[in-house]
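Here's a walk through one model, from its overall build down to a few side chains. Have the viewer open as you read.

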Amino acid sequence: MSAAMAAHLSVVTAQSPSLSAARQSVIHLYRDFQRGVPEIMRTHQVDIPMSMIRTKIREEFERHRDVKDLAVIDILLFKGRQEYQETMNAWKQETHIMRYFIKDDAPPKPQGFLEKFLAGRD
């Protein structure tokens, strides 16, 4: 793989100078993900409606809406940018994409000792 191919969609990691600059970076990343949905569907051959993928992207961003610590926001931006690059460059496989949707349908994990013990006996 050439260096140019590996660098496709890469962004230099930097500290945000302010919350407003970090917010702009988050909005930019969100828009990149939303614009990339058709290509994600085509590249990964995902058999899920486009609206459901867009909703899941929105949910993932909404999970961190209340984060105010600039350092944490920068880390989340780095991880989000990494997810975007890996997804768009097809470094992820369909199973990696589908994990986002399977989590919602999974039954709750057993909490107590007895529940865990009985769940392991299936």
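Is Arg-35 buried or exposed? Arg-35 counts as exposed, because its relative accessibility is 60%. For the cut-offs, buried means under 20% relative accessible area, exposed means over 50%, and partly exposed is in between, with a 1.4 Å probe and protein chains only.

## Ground rules

This is a predicted model, so local features need pLDDT of at least 70 and side-chain atom pairs count only at pLDDT 80 or more, while totals for chains, interfaces and linings use all residues. Residues are numbered from 1 along each chain as its sequence is written, and side-chain values use heavy atoms, with hydrogens and water left out.

## Overall build

Helices (H or I, at least four residues) and strands (E, at least two) are DSSP runs, numbered from the N terminus.

Of the 122 residues, 24% count as buried. The accessible surface comes to about 9,200 Å², and 57% of that belongs to carbon and sulfur atoms; these areas come from the Shrake-Rupley method with a 1.4 Å probe, and for residues only the protein chains shown count as cover. Take the contacts with a separation of 6 or more: residues 24 or more positions apart account for 73% of them. Contact here means heavy atoms within 4.5 Å.

## Salt bridges

A search of the whole structure turns up 7 salt bridges, each being a side-chain nitrogen of Lys or Arg within 4 Å of a carboxyl oxygen of Asp or Glu. Arg-35 has Asp-32 as a partner, with the closest N and O atoms 4.0 Å apart. Both residues sit in helix H2 (residues 19-44), 3 residues apart, or about one turn of the helix. Asp-32 counts as buried because its relative accessibility is 13%.

Asp-32 also bridges to Arg-81, where the closest N and O atoms are 3.0 Å apart. That pair links distant parts of the chain, with Asp-32 in helix H2 and Arg-81 in helix H4, 49 residues apart. Arg-81 is another buried residue, at 16% relative accessibility. Over in helix H3 (residues 50-62), Glu-59 and Lys-56 are 3 residues apart, so about one helical turn separates them. Their side chains meet in a salt bridge at 3.2 Å, N to O. Glu-59 is partly exposed at 38% relative accessibility, whereas Lys-56 is buried at 8%.

## Aromatic pairs

The structure holds 4 aromatic pairs. Rings of Phe, Tyr and Trp (its six-membered ring) pair if their centres lie within 6.5 Å; planes under 30 degrees apart count as stacked, over 60 as edge-to-face and the rest as tilted. Phe-33 and Phe-61 have ring centres 6.2 Å apart and planes at 75°, so they are edge-to-face. This pair also links distant parts of the chain: Phe-33 is in helix H2 and Phe-61 in helix H3, 28 residues apart. Phe-33 is buried at 13% relative accessible area, and Phe-61 is partly exposed at 23%.

The rings of Phe-113 and Phe-117 make a stacked pair, because their planes are at 20°, with centres 6.4 Å apart. These two are 4 residues apart in helix H6, so about one helical turn lies between them. Elsewhere, ring pairs join Tyr-30, Phe-33, Phe-61 and Tyr-84 into a cluster.

## A nonpolar patch

Which residues form a nonpolar patch on the surface? Phe-113, Leu-114, Phe-117 and Leu-118 do, with about 470 Å² of accessible area together. Patches are made of residues with over 30% relative accessible area and no salt bridge; like charges are joined within 9 Å, and nonpolar side chains (Val, Leu, Ile, Met, Phe, Trp, Tyr) within 5 Å.

Phe-113 is exposed at 68% relative accessibility, while Phe-117 is partly exposed at 44%. Leu-118, in helix H6 (residues 113-119), is partly exposed at 46%.

## Backbone in the loops

Gln-45 isn't a glycine, yet has a positive phi near 50°. Gln-45 sits in the loop between H2 and H3 and is exposed at 64% relative accessibility. Ala-90 has a positive phi too, about 60°. Ala-90 belongs to the loop between H4 and helix H5 (94-105), and is partly exposed at 41%.
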